[in-house]
Amino acid sequence: MDHEIRAGEIVEIPIESVAFGGSGVGRVGPLVVFVPFTAPGDLVEARIVEVKKRYLIGEITRILSPSPDRIEPACPYFSRCGGCQYQHLSYEAQLRIKERQSAETFERIGKIAAPPVRGVIPSTLPFNYRGKAEFHGIPAPGGIRLGFMDSSGGALVEIDRCAIVDESINYELAKLRQRLASGKVPAGRRRYILWSGVPYPSGAYVTRKIGTAELTVPGGGFFQGNLSLTETLVDRVVGLCAPEESDRVLDACCGSGLFSLFVAPHVSEVIGVEISGAAVRCAARNAENLGIANARFHRGDVEAVLTRLANESARFDTVLIDPPRIGCTAGTLAAIDRLWPGRIVYVSCNPATQARDIRRLIDAGFSLDTLQPIDMFPQTQHIEVVALLVR
């Protein structure tokens, strides 16, 4: 193409791949163009909506030739609701894309040649897998509108049923809408958290079952969302810890003790650190209920607690860390190094920040042994990765 591309122009684009974040990637002349809701192998007609210095952003106006990976989305709100990005792709294609994205992220951000990425562990439930959902509410004439934010994040998409949550959540959503309309539930709130199998409102605590173990977690807090894969995630994490009876394990960002409680029976001692007081109380209660006496939990900022432990010359055989999406601070990573673990098991739902952090740990003297993607979030751009590093 021998002219300058302008916003509003209609162009024909063959889609080559899908970028981390969910948009299809093609080229217009020398420029990369990102087009949401496209599939590798699509030939599309797209309107250019943004012109940047090094790339373009387009939106589909017509699919000229569909990819063999393209399917009909299961949800009528798809492409408007911001919750899902991949419902137009077969599940097999989603898994291939996520495996490739995991590898490319560690190559590009982690500067790791041929990263040791294993095949993605699929979800046994591609739909109806989520055990928790947070609905937004906006006052409207005659009641309140309930739904999720749109793909721009600026407007609410009112929904009757979500295809990726457990059906008990959809049932509670319908009941909540009725109770709001009748005034039985005050309409002043802006967010409504619904858990699978739990009537709304859930109260301060809810119970989640992992295998035969029942765990108490804060009703407003975090817990792994995929009902069909959490037990598999725990098994993989514990397996990569390679626990021995004499081991001391540090579980940073331990939440309500999910990983601590399952690794504890195999080791000498587990210390959990978590900033949420409600989660720490749940972790202690869960340990007591499960008869686990060798796990202790401390409330505090992870960097501050780990730095104090390192200053006290504490030593751990394994450090487990499952940080928020923003990843670890440089201070946290430095403290982990000073605790002198032989193994680090790093769990993340954001491979980009995980790759950045792992690069720092490699520079500190660790080697990356394993990257295990687990599809905790089918139909969405998100991917969970469990990494093993050894000193």
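Q: By class, what residues are in the lining of the largest cavity?
A: In this predicted model, that lining has three nonpolar residues, two polar and one charged.

Q: Which ones?
A: The residues lining the largest cavity are Phe-20, Arg-325, Cys-349, Gln-381, His-382 and Ile-383.

Q: What volume does the largest cavity have?
A: About 30 Å³.

Q: And how many cavities of 30 Å³ or more does the count come to?
A: One.

Q: Switching to rings. How many aromatic pairs are there in the whole structure?
A: The search finds four. One of them is Phe-34 with Tyr-55: the ring centres are 5.5 Å apart and the planes are at 80 degrees, so this pair is edge-to-face.

Q: Where do Phe-34 and Tyr-55 lie?
A: Phe-34 is in strand 3 (residues 31-35) and Tyr-55 is in strand 5 (residues 55-65), so the pair ties together parts 21 residues apart in sequence.

Q: How accessible are they?
A: Phe-34 is partly exposed, at a relative accessible area of 25%. Tyr-55 is also partly exposed, at 31%.

Q: What about Phe-135 and Phe-148, stacked or edge-to-face?
A: Stacked, because their planes are at 20 degrees, with the ring centres 4.7 Å apart. Phe-135 belongs to strand 6 (residues 132-140) and Phe-148 to strand 7 (residues 143-149), so this pair ties together parts 13 residues apart in sequence.

Q: Are those two buried or exposed?
A: Phe-135 and Phe-148 are both buried.

Q: Which residue lies over the face of Phe-316?
A: Arg-248, at 4.4 Å from the ring centre.

Q: And over Tyr-205, which one?
A: Arg-285 lies over the face of that ring, 4.8 Å from its centre.

Key. Residues numbered from 1 in each chain as written. Predicted model: local features only at pLDDT ≥ 70, side-chain atom pairs only at ≥ 80, totals over all residues. Heavy atoms only, no water. 1 Å grid on protein atoms, 1.4 Å probe; cavity = no way out; pocket = protein on both sides within 12 Å on 5 of 7 lines; lining within 4 Å. Points joined across faces, edges and corners; volume = space filled by probe spheres on them. Nonpolar A, V, L, I, M, F, W, Y, C, P; charged D, E, K, R; others polar. Phe/Tyr/Trp six-rings, centres within 6.5 Å; stacked < 30°, edge-to-face > 60°. Helix = DSSP H or I, 4+ residues; strand = E, 2+ residues; numbered from the N terminus. Buried < 20%, exposed > 50% of the residue type's maximum accessible area, 1.4 Å probe, protein only. Lys NZ or Arg CZ within 6 Å of the ring centre and 35° of its normal.
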